[in-house]
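Subject: Handover of a structure for your review

Dear colleague,

Please find below the structure that I am handing over to you. My notes on it follow directly after.

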Amino acid sequence: MTHPLSSYWIMSSHDTYLNCWNNERTPTLDDQMYLAALYRGVRCLEIDVWDGVGEKAGEPVIAKERPSAEGDAMLNVVVALRAVLQYLQANPKTYPIIINLENHCSYSVQECLAECLFEVLGSIGLIVVPDDSQSIDESDLLPSPASMRGKVLLMGKRPKVIQEGAKVINDD
C-alpha cells in the first residue's frame, strides 16, 4: 500500500444515500447508508450535492436529482460528512476515504459547502485533488494509501458557472 493511490482498485458506491433494502417500491434517502457503506468496506463515497429548496434554501443538500419543491427528498450534506468523521474516529488507522463530490450547486451554495467540508472534516486532514483541467506532472502524483491513513480525499469538479451581472447560472 505504498504506491500512489491511483495504482489500486477501490471499492466505491453509487447513490450511497439510497436505501434500496426497504420494503417500499422506490428507494428512499437514508442518512445511515453512508455509515453502512463504510462498514461494508466501501472507500469511495458518492455525494450528489444540489441547492436546497424551501426550508433548506441556500444550503447544500444531497438528492438524487435537482430538488424543485419543499417535499422533495433531501438530506443535509453535513449528515454524510459526520458519518465519514464518525467512521474515521472509530477506525483511525483505516485507509483513506474518498469523497466523490458531484457538485451541482450555485456559487453561493458552493461557498456554504466548502465551509461544511472544512468545519466537519478539516480536523482529519482534507486533501484536495486537482481536476483534469489543471496540468499534472509526476510530482503531483497521489500519495500512497499507507501515508493517508485516517484521512479524507476529496475529488470532483466544480460545475461550469457563467456569471451574468448578479445572476449566477450553472452551465451543466
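The notes below cover the basis of the model, its overall make-up, its confidence, and then selected parts.

This is a predicted model, in which local features need pLDDT of at least 70 and side-chain atom pairs count only at pLDDT 80 or more, while totals for chains, interfaces and linings use all residues. Residues are numbered from 1 along each chain as its sequence is written, and side-chain values use heavy atoms, with hydrogens and water left out.

Overall make-up

The protein chain contains 3 helices and 10 strands, where helices (H or I, at least four residues) and strands (E, at least two) are DSSP runs numbered from the N terminus. Starting at the N terminus, the order of elements is β-β-α-β-β-β-α-β-α-β-β-β-β. Of the 172 residues in the protein chain, 40% are buried; buried means under 20% relative accessible area, exposed over 50%, and partly exposed in between (1.4 Å probe, protein chains only). Among contacts (heavy atoms within 4.5 Å) with a separation of 6 or more, 66% are between residues 24 or more positions apart.

Confidence

The average pLDDT (the predictor's confidence in each residue, from 0 to 100) is 77 for the protein chain, with 69% of the residues scoring at least 70. Residues 19-27 stay under 50, and the model has 10 contacts beyond four places in sequence for them. Residues 162-169 are also below 50, and this stretch has 10 contacts in the model beyond near neighbours in sequence. Where pLDDT is low, the predicted coordinates should not be read in detail.

Strand 3 and its partners

Strand 3 (residues 44-51) is largely enclosed by the rest of the structure, because 7 of its 8 residues are buried. Strands pair if DSSP finds at least two bridges between them. Strand 3 runs parallel to strand 6, to which 6 bridges join it, and D48 stands opposite E102 in strand 6. With strand 4 (residues 60-62), strand 3 pairs in the antiparallel sense over 3 bridges; here W50 stands opposite V61.

The largest nonpolar core

A nonpolar core is a set of buried Ala, Val, Leu, Ile, Met, Phe, Trp, Tyr and Cys residues joined through side-chain atoms within 4.5 Å. The largest one has 32 residues, of which L45, I47, V77, L81, V84, I99 and L121 touch the most other members. At least two residues of this core come from each of helix 1 (33-39), strand 3, helix 2, strand 6, helix 3 (107-121) and strand 8 (152-157). Helix 2 gives the largest share, 9 residues. Not counting residues up to four places away in sequence, V84 touches L38, L45, I97, I99, L121 and V152.

Two loop residues

T94 lies in the loop between helix 2 (77-90) and strand 6 (97-103) and counts as buried because its relative accessibility is 11%. Its side chain makes a polar contact with the side chain of R43 (3.4 Å); a polar contact is a pair of N or O atoms within 3.5 Å, where within protein one must be able to donate a hydrogen and the other to accept it, and residues adjacent in sequence count only if both atoms are side-chain atoms. R66, in the loop between strand 4 and strand 5 (75-76), counts as partly exposed at 48% relative accessibility.

With kind regards
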